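Dear colleague,

Please find the structure that I promised to hand over. My notes on what was found in it follow directly below.

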Amino acid sequence: MLANSSYDYALVRVVPSVERGECLNVGVILFCRTRQFLCARIELDEQRLLALDPDIDVAAVREHLETIALICEGKAEGGPIAHLSLSERFHWLVAPRSAIIQTSAVHSGLCSDPAAALQHLLDTMVRLRKQKIVRAGTSGK
């Protein structure tokens, strides 16, 4: 069994109107220094995004979100930032900014498998959960 390693993560958000402050969680960036792991998982729910802003350029948003993954992977298509060290890339990606694509504050955790931790964060913080509808006067069974 592998020992736990600390990791840092931030949620990736689309904020269609910075003035209104409404946002949609669309991904997670996770950095585990001891495992040399930096990865972003992005899942853009276009219908939810269009509900916040029917006029948003979804293709442009998707293109910018895809660049985050390219930077994490160190791909040349990610531009000059993709050539920095893992730590520098992570800190550049999570730096506060007033733009349509933002990240949450950085949070920490412990895991033995950074990829599994990233998947768990995506499942719980980005994907919609199926909610059971309970009618008034019933026990929900």
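In these notes, buried means under 20% relative accessible area, exposed means over 50%, and partly exposed means in between, with a 1.4 Å probe and protein chains only. Please note that this is a predicted model, in which local features need pLDDT of at least 70 and side-chain atom pairs count only at pLDDT 80 or more, while totals for chains, interfaces and linings use all residues. Residues are numbered from 1 along each chain as its sequence is written, and side-chain values use heavy atoms, with hydrogens and water left out.

Aromatic residues

Rings of Phe, Tyr and Trp (for Trp, the six-membered ring) pair if their centres lie within 6.5 Å; planes under 30 degrees apart count as stacked, over 60 as edge-to-face and the rest as tilted. A search of the whole structure gives two aromatic pairs. In one, the ring centres of Tyr-7 and Tyr-9 are 6.1 Å apart and the planes stand at 40 degrees, so this pair is tilted. Tyr-7 is buried, with a relative accessible area of 10%, and Tyr-9 is buried at 12%. In the other, Phe-31 and Phe-90 have ring centres 5.4 Å apart and planes at 25 degrees, so the pair is stacked. This pair links distant parts of the chain, 59 residues apart: Phe-31 belongs to strand β2 (residues 24-32) and Phe-90 to helix α3 (residues 86-93). Helices (H or I, at least four residues) and strands (E, at least two) are DSSP runs, numbered from the N terminus. Both Phe-31 and Phe-90 are buried.

Ser-87 is also in helix α3, and it counts as buried at 18% relative accessibility. Leaving aside residues up to four places away in sequence, Ser-87 touches Phe-31 and Arg-33; contact means heavy atoms within 4.5 Å.

Helix α2

The expected span of a helix is 1.5 Å times one less than its number of residues. For the 16 residues of α2 (residues 58-73) this should be 22 Å, and the end C-alpha atoms are 23 Å apart, which agrees. The buried residues of α2 are Val-58, Val-61, Leu-65, Ile-68, Ala-69, Ile-71 and Cys-72. They cover an arc of only 160 degrees around the axis, which puts them on the same side of α2; the arc is that of the directions from the helix axis to the C-beta atoms. Ala-59, Glu-63 and Glu-73 are exposed on the face turned away from the buried side. Among the elements covering the buried residues of α2 are β1, β2, β3, α1 (46-52), α3 and β4 (101-103). Gly-74 follows α2 and has a positive phi, near 75 degrees.

Helix α4

Helix α4 (residues 114-125) has twelve residues and reaches 16 Å from its first C-alpha to its last, close to the 16 Å expected at 1.5 Å a residue. Its buried residues are Pro-114, Ala-117, Leu-118, Leu-121 and Leu-122. Seen down the axis of α4, these fall within an arc of 140 degrees, so they line one face of the helix. Their cover includes β1 (5-14), β2, β3 (37-42) and β5 (107-111).

A loop residue

Gln-36, in the loop between β2 and β3, has a positive phi of about 50 degrees although it is not a glycine. Most residues other than glycine have a negative phi. Gln-36 is exposed, with a relative accessible area of 57%.

Yours sincerely
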